[in-house]
Amino acid sequence: QVQLMESGGGLVQAGGSLKLACGASVDIDTLLLMGWYRQAPGKQRDLVAVISGGGSANYADSNKGRFTISRDGANNMIYLQMDDLQPEDTAVYYCYGRPRWNQDLEFWGQGTQVTVSS
């Protein structure tokens, strides 16, 4: 079992920045993929960004150029730097992990709220 814990959400004005952090209970080198998803009220959970164990990152088109995902293997953390936030970025942001030992499994954090005011 992998436990993921997010932090760093909050309230920010449009154009502002936030940095989310996610800590894992295991060595993140045992995770094939980690990333961030978000879910706004009444909407489905959507991909924000993912990063592989080798550091390759992929982003949803809606946040390319504004968000940056990174990983810190020494501390078993991933981060999401979010710049130029807009009201449409308001959502609960979830940390995600898929293990190498069973790629059918998915692990999720409890989520952290990001609210962007106009």
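Contact, as used in these legends, means heavy atoms within 4.5 Å. The views show a predicted model, in which local features need pLDDT of at least 70 and side-chain atom pairs count only at pLDDT 80 or more, while totals for chains, interfaces and linings use all residues. Residues are numbered from 1 along each chain as its sequence is written, and side-chain values use heavy atoms, with hydrogens and water left out.

**View A. Met82 and its contacts.** Setting aside residues up to four places away in sequence, Met82 touches Gly16, Ser17, Leu18, Leu20, Arg66, Phe67, Tyr93 and Val114.

View B. Strands here are DSSP runs (E, at least two residues) numbered from the N terminus, and two of them pair if DSSP finds at least two bridges between them. The order in this sheet is 1-3-8-7, and the pairing is antiparallel. Strand 1 (4-7) and strand 7 (67-72) are the edge strands, each pairing on one side only. On average, neighbouring strands of the sheet are turned by 15° against each other, direction ignored; the axes behind such angles are lines fitted to C-alpha atoms, and angles run from 0 to 180 degrees between N-to-C directions. Look for the four antiparallel bridges between strand 1 and strand 3 (residues 18-24). Leu4 stands opposite Ala24 in strand 3.

**View C. The largest nonpolar core.** A nonpolar core is a set of buried Ala, Val, Leu, Ile, Met, Phe, Trp, Tyr and Cys residues joined through side-chain atoms within 4.5 Å. Buried means under 20% relative accessible area, exposed means over 50%, and partly exposed lies in between (1.4 Å probe, protein chains only). Of the 26 residues in this core, Leu4, Met34, Trp36, Leu80, Met82 and Tyr93 touch the most other members. At least two residues each come from several strands, among them strand 4 (31-39), strand 5 (45-52) and strand 8 (77-82). Strand 3 gives the most, with four residues. In soluble globular proteins, nonpolar side chains tend to be buried together.

View D. Rings of Phe, Tyr and Trp (its six-membered ring) pair if their centres lie within 6.5 Å; planes under 30 degrees apart count as stacked, over 60 as edge-to-face and the rest as tilted. The structure holds three aromatic pairs. In one of them, Tyr96 and Trp108 are tilted, 5.0 Å centre to centre with 55° between the planes. Tyr96 is in strand 9 and Trp108 in strand 10 (residues 107-108), twelve residues apart. Tyr96 counts as buried because its relative accessibility is 2%, whereas Trp108, at 31%, is partly exposed. Ring pairs also bring in Tyr37, which forms a cluster with Tyr96 and Trp108.

**View E. Charges over rings.** A charge sits over a ring if NZ of Lys or CZ of Arg is within 6 Å of the ring centre and within 35 degrees of the ring normal. Lys19 lies over the face of Tyr79, at 4.8 Å from the ring centre. Arg45 lies over the face of Tyr94, at 3.6 Å from the ring centre.

**View F. Asp84 and Asp89 in a loop.** Asp89 is found in the loop between strand 8 and strand 9, and Asp84 is found in that loop too. Asp89 is buried, with a relative accessible area of 0%; Asp84 is partly exposed, at 39%. Apart from its neighbours within four places in sequence, Asp89 is in contact with Arg38, Arg66, Phe67, Asp84, Val114 and Val116. Asp84 has a positive phi of about 50°, although it is not a glycine.
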